[in-house]
Amino acid sequence: MKVKAAVLRQSGLKRPYAESRPLTVEEIELDPPGPGEVLVAIKAAGLCHSDLSVITGDVPLPLPLVMGHEASGVVEALGPGVVDLAVGDHVVMLFVASCGSCGFCREARPALCEQGRRSNMTGTLLAGTRRLRADGAEMNHAMGASCFAERAVVSRGSLVRIDKAVPFEEAALFGCAVVTGVGAVINTAKVPAGASVAIVGLGGVGLNMLLGATLAGARQIVAIDVVADKLALAKSLGATDTFDAREKDLVRTIMKATNRGVDYAFETAGLAETLDLAYRITRCGGTTTTTSLPGRAVNWTVSTAHAVLEERTVKGSFMGSAVPSRDVPRYIELFRQGRLPVDRLKSNRVTLDRLNEGFDALAAGAVVRQILVFD
Ligand SMILES: [Zn+2]
Ligand SMILES: [Zn+2]
């Protein structure tokens with residue numbers, strides 16, 4: 001069938017994207033779902049910083065590519081062998097499809113799924129297939145999702161069924177920002193009640209870390225960014241202390257405010273400076289966790305003696321160490337109870353033909369989560 005989709009044919013174009021227009025809206029051919037695959041009508045999709053890294057070329061995915069990796073939608077058709085979903089089901093789309101049978105999937109670490117990883121690198125679905133074509137030539141899938149389109153064909157392992165009462169725009173956020181941010185706090189760092197937490201970088205993921213820290217019962221939550229509006233939003237979402245990252249003597253100020261550092265620091269900005277800041281404001285014996293995925297190598301030096309003498313832990317967290325089929329329904333229930341107010345992270349709606357302008361706003365740091373909607 002024909003669907004309208006946002007296609008990236010060339011990365012590295014200059015900003016403003018409103019002028020260089022890296023994303024083009026094209027009518028492409030979407031093949032029917034094969035074995036283990038599902039056709040989904042996309043209802044809402046989030047604009048994520050990782051999309052921006054693909055547009056800049058920092059994260060080199062195979063092109064041409066139908067963009068987008070965080071979405072919600074409705075199941076329209078099932079490929080052979082998909083027996084645990086039904087047409088009409090509402091679903092959230094994740095950015096790593098999991099096979100369910102590799103060693104990592106069996107260890108309940110589907111973010112590390114071997115097949116999911118391979119297919120994300122090569123621009124295919126889990127089975128190694130591509131269902132997107134333009135002028136007879138195959139196009140690549142973005143993270144197994146390619147949801148900046150009216151419809152998508154994805155692997156069953158990319159989807160989690162959700163309650164039909166959940167609004168689509170909020171539901172979309174659970175596919176990337178929420179699982180990554182809340183999961184980093186709950187699954188990766190395992191923050192206990194009463195702990196102190198710092199978050200460096202308040203984008204969609206950083207603010208979800210804040211919501212996660214609130215859920216976990218952190219006694220102190222320090223939020224750090226350079227955008228005043230984001231610091232104000234963080235405060236209204238439960239941050240106890242906020243700091244402008246450009247403040248002079250920031251490490252010393254935070255060490256003082258936190259009684260010699262926080263138990264758990266989180267970093268989302270992907271710079272050597274922000275990683276260093278997060279590490280230095282973690283207390284002796286504490287844990288520093290990063291979710292950043294800078295495409296270009298970011299190397300950051302840690303003193304071994306310091307790490308040993310102070311028993312420090314540094315962790316990487318991918319997709320919030322989530323088990324999506326377990327975590328997404330749990331987080332959605334918390335949202336419905338008002339305890340995980342992800343609706344507060346929505347900025348504005350955009351349409352397919354306004355995605356370039358949306359990514360200009362994201363690159364400028366002016367927005368948290370813009371949502372692509374279809375009428
Ligand atoms: Zn994302
Ligand atoms: Zn697997």
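Two residues are in contact if their C-beta atoms, placed from the backbone, lie within 7 Å. Helices (H or I, at least four residues) and strands (E, at least two) are DSSP runs, numbered from the N terminus. A residue is buried if 20 or more other C-beta atoms lie within 10 Å of its own, exposed if 12 or fewer, and partly exposed in between, with C-beta atoms placed from the backbone.

The model is predicted: local features need pLDDT of at least 70, side-chain atom pairs count only at pLDDT 80 or more, and totals for chains, interfaces and linings use all residues. Residues are numbered from 1 along each chain as its sequence is written, while chains are lettered from A and ligands numbered from 1 in the order in which they are written.

**Overall form**

The protein chain contains 12 helices and 18 strands. Its C-alpha trace spans about 60 × 45 × 40 Å along the principal axes. The radius of gyration is taken over C-alpha atoms, and the globule rule is 2.2 Å times the number of residues to the power 0.38. For 375 residues a compact globule would have a radius of gyration near 21 Å, and the 20 Å of the protein chain agrees with this. Of the 375 residues, 50% are buried. Among contacts between residues at least 6 apart in sequence, 70% join residues at least 24 apart.

**Two domains**

The protein chain is divided into domain 1 (2-177 + 321-373) and domain 2 (190-316); such bounds come from an automatic or database domain assignment. Taken over C-alpha atoms, the centres of domain 1 and domain 2 are separated by 28 Å. The contact draws 18 residues from domain 1 and 13 residues from domain 2. On the side of domain 1 that touches domain 2, helix α2 (residues 49-56) gives the most, with three residues.

**The parallel sheet**

Six strands form an open sheet with parallel pairing, in the order β13-β12-β11-β14-β15-β16. Two strands pair if DSSP finds at least two bridges between them. The edge strands, β13 (241-244) and β16 (313-316), each pair on one side only. From one strand to the next, the twist averages 15°. Strand β12 (residues 220-225) pairs with β13 over four bridges in the parallel sense, and Ala-223 has Thr-242 as its bridge partner in β13. Axes are lines fitted to C-alpha atoms, for helices over the stretch in contact, and angles run from 0 to 180 degrees between N-to-C directions. Helix α8 (residues 250-257) lies across β11 (196-200), β12 and β13, and runs at about 175° to β13.

The arc in the table is that of the directions from the helix axis to the C-beta atoms.

| α4 (residues 114-122) | Gln-115, Gly-116, Ser-119, Asn-120 | 135° |

Because the buried residues of α4 fall within an arc of 135°, they line one face of the helix. Gly-123, with a positive phi near 75°, follows α4; Gly-365, with a positive phi near 75°, follows α12.

**Gly-203**

Gly-203 is found in the loop between β11 and α6 (204-216). Gly-203 counts as buried because it has 23 C-beta neighbours inside 10 Å. Leaving aside neighbours within four places in sequence, Gly-203 is in contact with His-49, Thr-268 and Val-368.
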